Amino acid sequence: MMDKFAFIFPGQGTQFTQMGKSFYEQYPIAKQTFEEASDVSGMDVADLCFNGSVSSINEFNNMQLAILTTELAIFRSYMDDYGVYPQFAIGHSIGEYAALVSAGAITFADAIQIMEKRGDLINDILQKDMGHMTIVEKTNHEMIENSIQEANAQGSVFIACFNSNSQYAISGLHDKLDLVEQRLLDKEAVVSPLFSSPPIHSPIMNEACMEYLEFLEDIEFHPFQFPIISNYTGAPLSDPKKIAKSLTYHLTHPVLFASSMDVLHRYGVTSTIEMSPKLLLSEFIKENVPSMKTYCYGLFQDKQRLDQVVSNDTNFEKDMPNFAGRCLSILVSTENNNDNQEQYKQVIQIYEHIKEKYNTASQEGHRYADELQSEMLNKLIQALQIKKLEPAQIRECVKRLLDETNSFYRFANVLQAL
C-alpha cells in the first residue's frame with residue numbers, strides 16, 4: 001500500500017535520443033504535450049527527441065527543452081492513468097521547472113519561455129569559457145572541502161549539487177577546478193568532468209541573476225496543488241510569491257537534493273515515482289533512504305509494479321479525479337456574492353445538472369467525453385459568474401479544475417478567454 005508518495009523530476013543527464021517516444025506513441029496526451037512544446041518554442045520537439053543527434057540533444061537549450069517536455073509528457077500520462085497527486089514533488093536542477101508545472105504553479109507554456117531565457121543567459125556564460133562542472137563519486141562533503149582548501153581554490157570552486165551521501169557535483173573556474181579534481185583523484189574519488197556544462201549552481205553565475213530575476217517577476221505564478229521541495233532551501237515551497245527568487249538563487253546556490261530526500265523521509269513519504277524516461281535519481285534515494293520504495297514511470301517494468309500497487313490500494317481509486325466531482329466541489333466551496341435569490345436558483349439548477357452527470361458517468365470509470373466535459377466547464381463558469389466572483393477568481397478556479405483533472409491542454413483556449 002502506498003500511503004504517502006512523492007514525484008521526482010531529474011535534470012541534466014536524463015536526455016538521450018528517442019527519449020519519450022514510447023509515451024508519444026501510446027498516449028494522446030503525451031503527443032499533445034510535445035505538440036504544445038513545439039508550438040510555444042517554434043521547434044519540432046518530437047523530431048529533436050526522437051531523431052536528433054546526440055550532439056543536438058545535448059546542446060544546452062535543446063537539452064532543457066527536451067527534458068522539460070518529456071518529463072511533462074510522462075507526468076501527464078501518469079495523470080491520465082491514475083490522476084492522483086502526490087504529497088510532495090522534487091525536481092533536480094532543470095527538473096524543478098517540471099515539478100513546478102506538475103504542481104500547477106507555472107503553466108507549461110511559461111515554463112518553456114523561462115527555459116529559453118535561462119538557456120540564453122547560461123549560454124552567454126558558456127561562451128566566455130570561464131569554468132565547468134564535474135561529477136565526483138565515492139567521496140564525501142569533508143573530502144571535497146579539504147581538497148578545495150588544499151588546492152587554494154576557495155572562492156573559485158564550489159559544491160554545486162549534494163546528490164547523495166557519496167555523489168556530488170562541483171563547479172568552478174577551469175584552472176582551479178583542475179587542481180581540485182587532481183586532489184580528489186589522489187584520494188581515490190571517481191571524477192567525471194563535464195567540460196560542456198557551465199559552472200552552474202555556484203556564485204560564478206551571479207552576473208546572470210539580476211536579468212533572470214527581472215524576467216521571472218513578469219511571469220504569472222499560481223497556487224500550488226501540492227508543495228515542492230526547493231533545490232535552493234531544501235524545504236517545502238508552496239508560496240507562488242517566492243518562486244521567482246527561489247529559481248534565481250537556484251542558479252547561484254547548490255542543489256540540496258540529499259537534504260530534500262531527508263525532508264521526504266521526515267514527512268513520512270514512503271514511495272517516490274520518478275517522472276523520467278530512465279532511472280536516474282531513484283539510485284540516490286535508495287542510497288540515502290533505503291527503506292523508501294522507488295518507481296520510475298518511464299520504465300515498463302516499474303509501471304507494471306506500480307499498476308500492481310495501485311490495483312491493491314483502494315485509496316488510489318477513491319482519490320482519482322472526477323471532472324464532474326471537481327466542478328461540484330468548486331461550486332460548493334466558492335463564495336456567493338449575489339443577493340438576488342431568483343438568479344441564484346440558476347446556480348442550484350446548474351449544480352443539480354452536473355450532479356446528474358456525475359452520478360451517471362461514475363459507473364463508467366470516471367471517464368467523460370470531451371463534449372460532456374466542455375458542457376460542464378461552461379456550466380461551471382456560468383454559475384461562478386452568477387455568483388459574481390471576480391474574473392481573477394473564476395480564472396483561478398478554472399485553472400485549478402483543469403490542472404487537477406489533467407485537461408489543461410484540452411481547454412487552454414477557454415482559460416485564455418477568461
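## Close-up views of a predicted model

**Figure 1. Helix H11 and the elements that cover it.** The cover over the buried residues of H11 includes helix H6 (95-102), helix H7 (108-128), helix H10 (209-216) and strand S8 (236-237). Please keep in mind throughout that this is a predicted model. Which residues of H11 are buried? They are Ile-243, Ala-244, Ser-246, Leu-247, Thr-248, His-250, Leu-251 and Thr-252. Helix H11 spans residues 243-252, and because eight of its 10 residues are buried, the rest of the structure largely encloses it.

**Figure 2. The whole protein chain, for orientation.** Before the next close-ups, here is the wider setting. The protein chain holds 20 helices and 10 strands. Its C-alpha trace spans about 80 × 45 × 40 Å along the principal axes. How does the radius of gyration agree with that of a compact globule? For 418 residues such a globule would have a value near 22 Å, and the protein chain, at 23 Å, agrees with this. Buried residues account for 55% of the 418 residues. If we take contacts between residues at least 6 apart in sequence, 76% of them join residues at least 24 apart.

Figure 3. Glu-36 sits in helix H2, which covers residues 28-41. Is Glu-36 buried or exposed? Its relative accessibility is 17%, so Glu-36 counts as buried, the cut-off for that being under 20%. The side chain of Glu-36 is joined to that of Arg-76 by a polar contact of 3.1 Å. Leaving aside residues up to four places away in sequence, Glu-36 touches Arg-76, Phe-108, Ala-109 and Tyr-409.

**Figure 4. Two loop residues with positive phi.** Let us begin with Glu-188, in the loop between helix H9 (174-186) and strand S6 (190-194). Glu-188 is not a glycine, yet it has a positive phi of about 70°. With a relative accessible area of 67%, Glu-188 is exposed. His-201 belongs to the loop between S6 and H10. Phi of His-201 is also positive, near 60°, in a residue other than glycine. How accessible is His-201? Its relative accessible area is 2%, so His-201 is buried.

**Figure 5. Gln-154 in its loop.** Gln-154 can be found between helix H8 (141-150) and strand S4 (157-162), in the loop that links them. A relative accessibility of 47% makes Gln-154 partly exposed. Which residues does Gln-154 touch, not counting those up to four places away in sequence? They are Ile-148 and Gln-149. Follow the chain to Lys-176, 22 residues apart from Gln-154, and the C-alpha atoms of the two are separated by 9.0 Å.

**Figure 6. Asn-359 and Gly-325.** Asn-359 is part of helix H17, residues 341-361. Asn-359 is partly exposed, its relative accessible area being 42%. What separation lies between the C-alpha atoms of Asn-359 and Gly-325? These two residues are 34 residues apart along the chain, and their C-alpha atoms are separated by 9.3 Å.

How values were computed
Residues numbered from 1 in each chain as written. Heavy atoms only, no water. Helix = DSSP H or I, 4+ residues; strand = E, 2+ residues; numbered from the N terminus. Rg over C-alpha atoms; globule rule 2.2 N^0.38 Å. Buried < 20%, exposed > 50% of the residue type's maximum accessible area, 1.4 Å probe, protein only. Contact = heavy atoms within 4.5 Å. Polar contact = N/O pair within 3.5 Å; in protein donor to acceptor, adjacent residues only side chain to side chain.
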